[in-house]
Amino acid sequence: MKDLNITIIQSSLHWENIDENLKMFSQKISSIKEKTDLIALPEMFSTGFTMNNKPFAEKMGGKTFEWMKKMTKEKNCVLMGSIIIEEKGKYFNRLIWMRADGTFETYDKRHLFRYANEQDHYTAGNKKLIVELNGWKICPMVCYDLRFPVWIRNRLTPPHPQPLSQGRGEQNPKGEGSYDVLLFVANWPERRSHPWKTLLMARAMENQCYVVGVNRIGNDGNAIYHSGDSAAINFKGEIISKTKPHEESIETITLSKIELEDWRKNFPAWMDADQFNLTP
């Protein structure tokens, strides 16, 4: 059972300036000396959280996509973060999971931030993404998704599922929808930092998994300040990272699979999860 090394980069962003952001993150990624399996960047890391989608949207295979391929090959790890993508006249806040061999997966942000009218500029996704990395299952999400526990729900598999009539246990023989790490990339403002920190811990405890949240710092183009508060949290809701708010930071955190599986075995609350179906 191999441990997993995740590197979180907490950084300010150059507002609506793709070239400067890619240059900046190239330097930060190249500076990483530790062996890492996954590098996580904030939401809309190439532009900042802008509703000005048309001038900064890219196609799949565009500049930022190709830059991600280059960076993953250089560091021999997965690189992830969200960018603005245009497809058939629609715009998406799309998370890209890029592997070192150039293969990739995508997740379109499901919950668009109504307070910023994101739903008027982007199209919501309707499919969760769970990827495997070194024997770990990872579920990446984007910012506002954090507030919606039903969408996020971990569907761990009991060894002996209970009958549906008892309302206990998930009928999930293949383990579909289960994960070990829940990972959020975000542009979450400082004025709502308390919900950010609280919900990260709640999602970890209720889903009995590790949770990692990667947020930006500094002001954006709308003079909205971000304190970062990026963190890695274990299945007990305990913070296991050292990244400080308000500061540029690159931190690599090691997650223990043995500790996670021991916790699930010794405190099997997941076996009493409620049965439900989620419609798109």
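**View 1. T47 sits in a loop of this predicted model.** T47 belongs to the loop between β2 (38-40) and α2 (53-56); helices (H or I, at least four residues) and strands (E, at least two) are DSSP runs, numbered from the N terminus. The model is a predicted one, where local features need pLDDT of at least 70 and side-chain atom pairs count only at pLDDT 80 or more, while totals for chains, interfaces and linings use all residues. Residue numbers start from 1 along each chain as its sequence is written, and side-chain values use heavy atoms, with hydrogens and water left out. Is T47 buried or exposed? T47 counts as buried because its relative accessibility is 1% (buried is under 20% relative accessible area, exposed over 50%, partly exposed in between, with a 1.4 Å probe and protein chains only). Setting aside neighbours within four places in sequence, its contacts (heavy atoms within 4.5 Å) include H14, W15, F56 and I84.

**View 2. Here is the largest nonpolar core.** A nonpolar core is a set of buried Ala, Val, Leu, Ile, Met, Phe, Trp, Tyr and Cys residues joined through side-chain atoms within 4.5 Å. This one has 46 residues, and I138 is among those that touch the most other members. Strand β8 (residues 181-186) gives the largest share, 6 residues. Another core, of 21 residues, lies apart from it and has L13, I32, C77 and M98 among its members. Back at I138, contacts beyond four places in sequence include L4, L38, W97 and V181.

**View 3. Y115 is out in a loop.** Look for Y115 between β5 (104-108) and β6 (131-133). Y115 counts as exposed because its relative accessibility is 62%. Not counting residues up to four places away in sequence, Y115 touches R191 and R192. Although Y115 and F104 are 11 residues apart along the chain, their C-alpha atoms are separated by 31 Å.

**View 4. S193 is in a helix.** S193 is part of helix α5 (residues 193-207). With 14% relative accessibility, S193 counts as buried. Leaving out residues up to four places away in sequence, S193 touches W188, S227 and D229.

View 5. The protein chain has a mean pLDDT of 93, and 92% of its residues reach 70 or more. Over residues 159-171, though, pLDDT stays under 50. Where pLDDT is low, the predicted coordinates should not be read in detail.

Notes:
pLDDT is the predictor's confidence in each residue, from 0 to 100.
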